[in-house]
Amino acid sequence: MNCLEAVENFSAHYEDSLDYRSLKHFEEHMATCLECQREYDQFCLSIKVSQELPQIEPSPAFLTTLEHKLEGNERESLTIWDRISRLFNIPLINMPHSNIARRVFTGAALLLLVAATTTIVFRDNLFHQETQPDATVPVIPSEKAESPLIRGIGGLSQDIDINELFRLGMGSEFSSIGVSPLMQQNYTLKQVSYSSISTGGGL
Amino acid sequence: MVELDDELMLRFQKGDEEAFNLLVRRHHKPLINFIARFTGDRDNAEDLAQETFIRIYKAADRYKQGRAKFKTWMYIIAKNLCKNEIRNRRRRDRYRVDNTAISQHSTDGDSEEIDIVASAPASSAYQPEVALQRKELNKTIQAAIGELPEQYRYPLILRDIQGLSYDEISDILELRSGTTKSRINRARIMLKDKLKPYMEMI
C-alpha cells in the first residue's frame with residue numbers, strides 16, 4: 001500500500017470497516033510512514049472536534065411559532081399520480097430518485113398506451129378491412145357486374161350468398177368443393193376475394 | 001415503549017395531530033442543528049426547520065411506510081430547502097455587494113448571520129479562558145466546515161455531526177454507497193487540511 005491508498009482508507013480504518021487484508025496492508029504502511037501517521041492523527045482529531053461541536057438549542061418559541069404557522073395550513077390531498085402509484089404499489093413517492101423514476105414510468109406508460117391503441121386500430125382493420133381494387137386489374141363495367149359472383153370477380157370483396165349463386169345456376173362450381181345442399185342452405189361465405197388473375201386451377 | 005416514526009406518521013395520516021407533534025418534538029433539535037451547521041445561520045435555521053415541518057404536515061398523505069424512513073424524508077426536504085436558501089442568499093449577497101459598491105454603505109454586512117457558536121449554551125463547569133478558547137475553536141471549525149464545497153459539506157455534517165448511517169446519507173443525497181463513503185473521506189481530509197494551522201489549539 002502506498003501513501004495515496006492509505007489516505008483513501010483513513011475513514012474506513014477510523015470506522016473499523018476495513019477487511020482483514022486491507023487492514024493488514026494499511027497497518028504495515030502506517031508502521032513505516034511517518035508522514036501518513038501524522039496525517040492520520042490529524043484526521044482523527046479533526047473528526048473528533050467536529051463531532052464535539054455543541055448542539056444548537058432551539059429558541060423556546062420554536063414549537064409555539066410552528067403551531068401558529070401550521071394553523072394556516074391544511075394537509076394536501078393526494079394527487080392523481082399519487083393515487084395511481086399507490087394503487088399499483090409503484091415505489092416512486094418516497095424514493096430518492098423519484099423524479100427520474102416518475103419520468104421513466106410516465107414514458108413507459110405512454111409507450112404502452114400508444115402500443116395498445118395501435119394494436120386495437122390494426123386489429124379492427126385486420127378483421128374488417130375491405131380489399132381495395134387492384135389498380136392493375138381492369139374494372140368491369142357496372143352493368144356486367146350485376147350478379148354477386150361477377151362483382152366478386154371484379155376484385156371486390158363482399159358477402160356472397162351461396163343460395164343466390166345456386167338460384168343463378170352457378171351452384172355447380174361450389175359442388176366441386178364439397179358444399180352439400182344442406183350447407184348451401186345455411187352457410188354464407190364471408191369475405192371471399194376473387195380476382196380475374198388466374199389462380200392456377202383453384203378458387 | 002417508544003413508537004417508531006413510521007407508526008407516528010401512520011397515526012397522523014389517520015388524523016391524529018398529536019402524533020405529528022410527537023414527531024416534531026422528537027426531530028426538531030437535530031434538524032435545526034443540521035440546517036444551522038449547513039447554512040451557518042441559526043435564526044434562519046429555525047425558520048427553515050419550521051418550513052420543513054410545514055411541508056411534512058401538508059404532504060403527510062404522500063408519505064408511505066417502507067419506502068423511505070421518516071428521518072430520511074425529513075432530511076431530503078430540509079436539504080432542498082437549504083439549497084434554495086443558499087442560492088437565494090448568494091443572489092442577495094451579490095445584490096448587496098452591488099449596492100454597497102454604489103452607495104459605499106457597509107453597515108449591514110453580516111448582521112443577518114448570528115454567531116451560532118456564541119448562542120450555544122455554556123458548559124456547566126464554566127472557566128472563562130477555556131470557554132473562550134473553545135468558543136474560538138468551534139467558530140474556526142464551523143468556518144472550516146462552511147468553506148467546504150456543498151457536495152462534501154452535506155455528507156460530512158450528516159455523518160460526523162448528525163451521526164447518520166452511510167445508508168441513510170446515501171438515500172438523502174441520492175448517491176451510491178461507494179460515492180458517499182469516498183465523499184465523506186474526502187470531506188474529512190479537506191477539513192483536516194483546513195484545520196491544520198489550528199491543530200496546536202486543538
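Chain B has eight helices and zero strands. Helices here are DSSP runs of H or I with at least four residues, strands are runs of E with at least two, and both are numbered from the N terminus. From the N terminus on, the order in chain B is α-α-α-α-α-α-α-α. Before I go on: this is a predicted model, in which local features need pLDDT of at least 70 and side-chain atom pairs count only at pLDDT 80 or more, while totals for chains, interfaces and linings use all residues. Residues are numbered from 1 along each chain as its sequence is written, chains are lettered from A and ligands numbered from 1 in the order in which they are written, and side-chain values use heavy atoms, with hydrogens and water left out.

Chain B has 202 residues, and 47% of them count as buried. Buried means under 20% relative accessible area, exposed means over 50%, and partly exposed is in between, with a 1.4 Å probe and protein chains only. Of the contacts in chain B with a separation of 6 or more, 63% are between residues 24 or more positions apart.

Now helix α2 of chain B, residues 17–39. At its start, a side-chain oxygen of B:Asp16 comes to within 3.0 Å of the backbone nitrogen of B:Glu18. That is a polar contact in the sense of a pair of N or O atoms within 3.5 Å; within protein, one must be able to donate a hydrogen and the other to accept it, and residues adjacent in sequence count only if both atoms are side-chain atoms. Further along, at B:His27, the helix bends by about 45 degrees, and B:Pro30 follows within four residues. The bend at a residue is the angle between axes fitted to the seven residues ending there and the seven starting there.

B:Thr39 is also in α2 of chain B. Is B:Thr39 buried or exposed? It is buried, because its relative accessible area is 6%. Leaving out residues up to four places away in sequence, B:Thr39 touches B:Leu48, B:Cys82, B:Ile86 and B:Arg89. After the helix comes B:Gly40, with a positive phi near 75 degrees.

Next, a helix pair. In chain B, α6 (residues 150–161) and α8 (residues 177–195) pack at about 95 degrees, with axes 8 Å apart. The axes are lines fitted to C-alpha atoms, for helices over the stretch in contact, and angles run from 0 to 180 degrees between N-to-C directions. The two helices are therefore roughly perpendicular. On that scale, under 35 degrees is roughly parallel, over 145 roughly antiparallel, 65 to 115 roughly perpendicular, and the rest oblique. The α6 side includes B:Tyr152, B:Pro155 and B:Arg159, and the α8 side includes B:Ile184, B:Ala187 and B:Leu191. By class, this contact has seven nonpolar, one polar and five charged residues. Ala, Val, Leu, Ile, Met, Phe, Trp, Tyr, Cys and Pro count as nonpolar, Asp, Glu, Lys and Arg as charged, and the others, Gly among them, as polar.

In the loop between α7 (166–173) and α8 of chain B lies B:Glu174. B:Glu174 has a positive phi of about 55 degrees although it is not a glycine. Its relative accessibility is 33%, so it counts as partly exposed.

On to chain A, which has eleven helices and two strands. Along the sequence, the pattern is α-α-α-α-α-α-α-α-β-α-α-α-β. Of its 203 residues, buried ones make up 27%.

A:Ala6 sits in helix α1 of chain A, residues 3–8. With a relative accessible area of 0%, A:Ala6 is buried. Not counting residues up to four places away in sequence, A:Ala6 touches A:Met1, A:Phe26, A:His29 and A:Cys36. A:Ala6 and A:Cys36 are 30 residues apart in sequence, with their C-alpha atoms 7.5 Å apart.

The axes of α3 (residues 20–32) and α4 of chain A come within 5 Å and cross at roughly 110 degrees. That makes these two roughly perpendicular as well. Among the residues making the contact are A:Phe26 and A:His29 of α3, and A:Cys36 and A:Tyr40 of α4.

Finally, A:Glu39 is in α4 of chain A, residues 34–51. What does A:Glu39 touch, not counting residues up to four places away in sequence? The list is A:Phe10, B:Lys192, B:Asp193 and B:Lys196. At 12% relative accessibility, A:Glu39 counts as buried.

Notes:
Contact = heavy atoms within 4.5 Å.
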